[in-house]
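Subject: Structure for your review

Hello,

Here is the structure I said I would pass on. My notes on it follow below.

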Amino acid sequence: MAQVPQTFDAPAVRTWCGLALRALGRAREEIDAINVYPVADGDTGTNLYLTVESAAAAVEAVFAAHEVGGGTGAAEGTASGPSLADAARAMAHGALIGARGNSGTILAQLLRGMAQVFAADGDRAHTDGLGLCLALRRAADSARQAVAHPMEGTVLSVASAAADAATGAEGDCETVALAAYEGACAALAATPGQLAVLERAGVVDAGGRGLVAVLAALVETFTGRTPEQGASPSAAAVAADGRPLVPHARVCPAEDDGPGACAPPASGPAFEVIYLLDAEDTAVARLRERLDGLGDSLVVVGGDGLWNVHVHVDDAGAAVEAGVEAGRPHRIRITHFGAGDAHTGGSGRPHRERAQRAVVAVVPGEGLAALYSEAGATAVLARPGEQLASGELVEAVRRAHAREVVLLPNDPELRHTASAAAEQARGEGVRVALIPTRSAVQGIAALAVHEPGRRFDEDVVAMTSAAGATRHAEVTVAERQSWTTAGICQAGDVLGLIDGDVAVIGSDVAATAETVLDRMLSAGGELVTLVLGDEAPDAIADRLQTRVRESYLAVDTVVHRGGRQGALLLIGVE
């Protein structure tokens, strides 16, 4: 058995995040299936997974930065790794910015509450069992405060029970973690008796079930094994892998109360609105009051100037406007609860037949997203300067609802993430082919030859060939002084990258773009694709089209608007 930590240090945080992510990955479908409150939209497991994935990625980034920088900047760290405070803050921040849905937002606040204890007054006083008790207590209390109208029978009840049980335990981290887990198991089993909608559906609370999985991972962190069923009377409420022994659903006979007897109340707001918010504490207090009057399921988590806001409303625009009044909302996500979601009164989701084949592609701008969508692909919008999580790609594959999926990452940095997503989707029974496209223009070329009617292997070969035959370039502006393959660039210089390497350093966008285009066409080409970013000069497309028409016979040019794509210009030559 691998060596396990004896105290709650930075490696323990890293291990816990990894184990929690794995546990939620295994339980995701089950948790989605029992999701009936506050909205029966079947995504609680997925939302929790994506939230923890973001937290785990942030912790890994801290460890990676420490290895590269040799610990520079980590005042409390050691030569061997980051401090507990650094790791805990990273975990909390990652969960905050990646939180999804009602349960994911609450989990982010639970992790933030724990981090506040671990990061306070140095590490030493908070690495033992007592420190873990304090962290679990702070987590439960802060999560309850973040919810506008706390309800018993939810993840809040499970968190409070875990903290209560931990407080009554005396010993090391292993003892405290096991006590918290057992308390959570008992509370989870009791949730149907606390919330009528759970009792009608014959399930335990989905968010609480997810928290039990996270706490089981905490036990495994300090013991090296998953907690066993029957470790105590209260633990008998779940199986060895953390699954509740409460039935997932019961069949309601027609004579019960008619259709919907097992469903939640058929009323509620039509939209879920989530956004990150840069704002002062006083402004957030006013925002809470404003949003509480607009809808329900209000959860506002965070602090120190950065918040994650979640609310269900009928007027999504008003919820966003309230955020604008409070500060700067960004990464806004608005989801309409479909007719099949119990929250909006539907009696069940209409059955939708799986398509035979679909294409899922990552794109860097709204314009490209629209272009790909018009061509029939499921587009995933990349966020500038921020890495997509594999769970987001898996979610897109599920949304495509097809038996066969071609995945286009359109970015070399996403290849491993896309590979992980493809592997997970294959485990769910979807046939996935990953084409390692390095740019959105290569994806356009692949999509142009996509034919759903031919054999899957033949289609993948044709798309791969089209992408591979497309050279790609981009024109962008340097943010700082740097060494490049073309020499030293200064902040503000215009850079022309061909196939990922800096080939041209200039001062004028159009002139640099012309030089890049000439170099690419010197090896031949039949079609030039230009994708203009929002900040590209107005006349650049006409200038480049004229250049191609006058200098290169029989070469066609196509121009697209990419929107906020990061680069000023993307160029593809087929």
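Does Arg112 count as buried or exposed? Arg112 counts as buried, because its relative accessibility is 16% and the cut-off for buried is under 20%. Please keep in mind that this is a predicted model, and that the values here are computed from it.

Arg112 sits in helix H4, residues 101-118. Its side chain makes a polar contact with the side chain of Asp304, at 3.2 Å. Apart from neighbours within four places in sequence, Arg112 is in contact with Ala92, Gly302, Gly303 and Asp304.

Glu30 belongs to helix H1, residues 10-33, and is buried, with a relative accessible area of 12%. Thr417 lies in helix H14, residues 415-427, and counts as buried at 14% relative accessibility. With neighbours within four places in sequence left aside, Thr417 is in contact with Gln387, Leu388, Ala389, Ser390 and Leu393.

Next, helix H9, which covers residues 206-223. At 1.5 Å a residue, its 18 residues should span 26 Å, and the end C-alpha atoms are 26 Å apart, so expectation and model agree. Of the 18 residues of H9, 18 are buried, so the helix is largely enclosed by the rest of the structure. At the start of H9, a side-chain oxygen of Asp205 comes to within 3.3 Å of the backbone nitrogen of Gly207. Just after H9, Gly224 takes a positive phi of about 80 degrees.

On helix packing, I have one pair to report. Two packed helices are described by the angle between their axes and the distance between the axes. For H15 (residues 440-448) and H16 (residues 456-468), the angle is about 140 degrees and the axes are 8 Å apart. The crossing of H15 past H16 is right-handed. On the H15 side the contact is made by Gln442, Ala445, Ala446 and Leu447, and on the H16 side by Met463, Ala466 and Ala467. Sorted by class, this contact has six nonpolar residues, one polar residue and no charged residues.

Last, the backbone. Most residues other than glycine have a negative phi, and most peptide bonds are trans.

- Tyr37 and Pro38 are joined by a cis peptide bond, with omega about 0 degrees. Pro38 is in the loop between H1 and helix H2 (44-69).
- Asn410 is not a glycine, yet its phi is positive, near 55 degrees. Asn410 is found in the loop between strand E7 (402-408) and H14, and is buried, with a relative accessible area of 9%.
- Ala554, also not a glycine, has a positive phi of about 65 degrees. The loop that holds Ala554 runs between helix H18 (540-551) and strand E15 (556-563). Ala554 is exposed, with a relative accessible area of 73%.

So Asn410 is buried, whereas Ala554 is exposed.

Regards

Key. Residues numbered from 1 in each chain as written. Predicted model: local features only at pLDDT ≥ 70, side-chain atom pairs only at ≥ 80, totals over all residues. Heavy atoms only, no water. Axes fitted to C-alpha atoms, helices over the stretch in contact; angles between N-to-C directions. Helix = DSSP H or I, 4+ residues; strand = E, 2+ residues; numbered from the N terminus. Left-handed = near helix turned anticlockwise from the far one by under 90°. Contact = heavy atoms within 4.5 Å. Nonpolar A, V, L, I, M, F, W, Y, C, P; charged D, E, K, R; others polar. Expected span 1.5 Å × (residues − 1). Buried < 20%, exposed > 50% of the residue type's maximum accessible area, 1.4 Å probe, protein only. Polar contact = N/O pair within 3.5 Å; in protein donor to acceptor, adjacent residues only side chain to side chain.
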